[in-house]
Amino acid sequence: MDQYTLQPSSNELTLVLGQQLESGPLGNQHVVVRMMAASLNYRDLLCRGDLEGTRPGLVPLSDGAGEVIEVGSAVTRWRPGDRVSPAFFPKWRSGPFRPEHLAEALGGSSTDGVLRSLFVAHEDAFVRIPDRLSFAEAATLPCAGVTAWHALFERDQVGPEHTILVQGTGGVSIIALQLAQAVGARVIVTSSSDTKLAVAKSMGARAGVNYKTVPDWDQAVLDLTDGRGVDHILELGGPDTYNRSINCLAFGGTISQIGVLTGFGSKPDITPLQFKNGRINGICVGSAEHFERLMAFVDAHAITPAVSKTFTWSGAAEAYEALRRADHFGKVVITIQDHL
Ligand SMILES: NC(=O)c1ccc[n+]([C@@H]2O[C@H](COP(=O)([O-])OP(=O)(O)OC[C@H]3O[C@@H](n4cnc5c(N)ncnc54)[C@H](OP(=O)(O)O)[C@@H]3O)[C@@H](O)[C@H]2O)c1
C-alpha cells in the first residue's frame, strides 16, 4: 500500500512516494476503496505552491475513482465490487453549503486526498460510477465535472436557446462544453491554441476565439453573436478576463465565478451588470447529490470525458508538470493500480 504526500521544501511542496499506514479498525458506516485512477486540477498546482495553507504530509488530489473492497457492518449503500468515486466535499451530501465544508475538501489544506492505494470514508461520501465510464474517465469528474454541472444546471437552467462561453480548454471548460452541448446549447471556446480550438470545434463547439492572437476576444464574441453576447460565461480567468466577460455577457445573462487562472483578487467593474440585469453566481464545486445528478446525465447522454494524458503511478510528478505546461486538452490522469 503506497501513497504520495506533499513534504516541505523551499519554494513549493515536494511530492514524495511512501508507504500508506494502516488506518485502524473500520468504522461501521465506513467503506474501503481500492483507488484505480486520479485526475489533476489546476487547484492541485495551487496547493503545492501554498506553503502556509497546505499541511505538510498531506495526501494530495481531490479527484479519484476506484472499487469498494470492504464495508463496515452498518453500510447499506455499497458492497464489495461496486465502482465509486469520492465526492470533492465528502460531508456535503445535499442542501446548503456550510463554512466547515471548505476545510473538508479532499487533497487541500488539511484533509488527505486520493493519491493513495486505499481510500477510506463514510459511505455517504461516495457516488456510483456508470458502467460505461472507465475508472480514468470517472476520475475526471469530482471537481471539474461537478463544478461545470453546478454552474450550468443547478444554479442556472441552460438549454437549447442559450449560448455559453468557456475560457480555455482545461478540465472545467471541456466538460462544460460537453454538458452544454448535450442539451443543445451553442458553445464558444477561447484558447491560446488554434490546434486546441480545432479539437473543440470537432467536438461540436460552435466557434473558437484565440485569446492570444485576438486580445479583444470579448468583441469577437459579440461579433459571433450578432452583438447580443452570451447567456452564460464560465469565468475561469480572473483579473485579466473579468471585464471582458462582463462586456460580452448578454442582457439577463449569468457569469459563474469559478476560476483564478490569471490570479486572485479580481476587481471587475460590475456596473454594466446592472444595466444588463446580469448576475454573478459564486461556484465552489458542488455536493454529492450534484455529483450523482452529473453521473446520471453523463450516462444518459453517453458523454465520454476528455482524458488528454495518462501517467503511471510512478510518473505522478510528471503529471503535475504536464498540467503546469498547460498543453493538455481536458484532463490529466494518473493510474494508481499499475504499480501492484
Ligand atoms: N470554483 C470552483 O469550484 C473551481 C472548480 C474547478 C476549477 N476551478 C478553477 O477554474 C480554473 C480552471 O481549472 P481547471 O482545473 O479546469 O484548469 P486546467 O485544466 O489546468 O486548465 C488550464 C487552461 O486554462 C486556460 N487558460 C489559462 N489562462 C487563460 C486565460 N487568460 N484565458 C483563458 N483561458 C486561459 C488554458 O487553456 P488553453 O491552453 O486552451 O489556452 C489552460 O490550458 C482554475 O482557476 C481553477 O482553480 C474552480
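Predicted model: local features only at pLDDT ≥ 70, side-chain atom pairs only at ≥ 80, totals over all residues.
**Entry 1: the ligand's surroundings**

I began with the residues around the ligand. There are 27 of them, and Thr 169, Ser 191, Ser 192, Tyr 211 and Val 285 come nearest. I then sorted the shell by residue type. It divides into 13 nonpolar, 13 polar and one charged.

**Entry 2: polar atoms facing the ligand**

Next I looked up N and O atoms beside the ligand. A polar side-chain atom of Ser 192 lies 2.7 Å from a ligand oxygen. Ser 192 is also among the residues that come nearest. For Tyr 42, a backbone N or O atom is 3.0 Å from an oxygen atom of the ligand. Gly 168 also uses a backbone N or O atom, which lies 3.5 Å from a ligand nitrogen.

On its own the ligand has 930 Å² of accessible area, and the protein covers 90% of that. Which elements give two or more residues to the shell? I found H4 and helix H5 (171–182).

**Entry 3: H4 against H10**

H4 spans residues 141–154 and packs with helix H10, residues 288–300. Their angle is about 90°, and the axes are 9 Å apart. Angles of 65 to 115 degrees count as roughly perpendicular, so H4 is roughly perpendicular to H10.

I listed the residues that meet. From H4 they include Leu 141, Val 146 and Trp 149. From H10 they include Phe 291, Leu 294 and Phe 297. By type, the contact divides into eight nonpolar, three polar and two charged residues.

Key
Residues numbered from 1 in each chain as written. Heavy atoms only, no water. Axes fitted to C-alpha atoms, helices over the stretch in contact; angles between N-to-C directions. Helix = DSSP H or I, 4+ residues; strand = E, 2+ residues; numbered from the N terminus. Parallel < 35°, antiparallel > 145°, perpendicular 65-115°, else oblique. Contact = heavy atoms within 4.5 Å. Nonpolar A, V, L, I, M, F, W, Y, C, P; charged D, E, K, R; others polar. Near = heavy atom within 4 Å. Polar contact = N/O pair within 3.5 Å; in protein donor to acceptor, adjacent residues only side chain to side chain. Areas by Shrake-Rupley, 256 points an atom, 1.4 Å probe, with all protein chains shown as cover.
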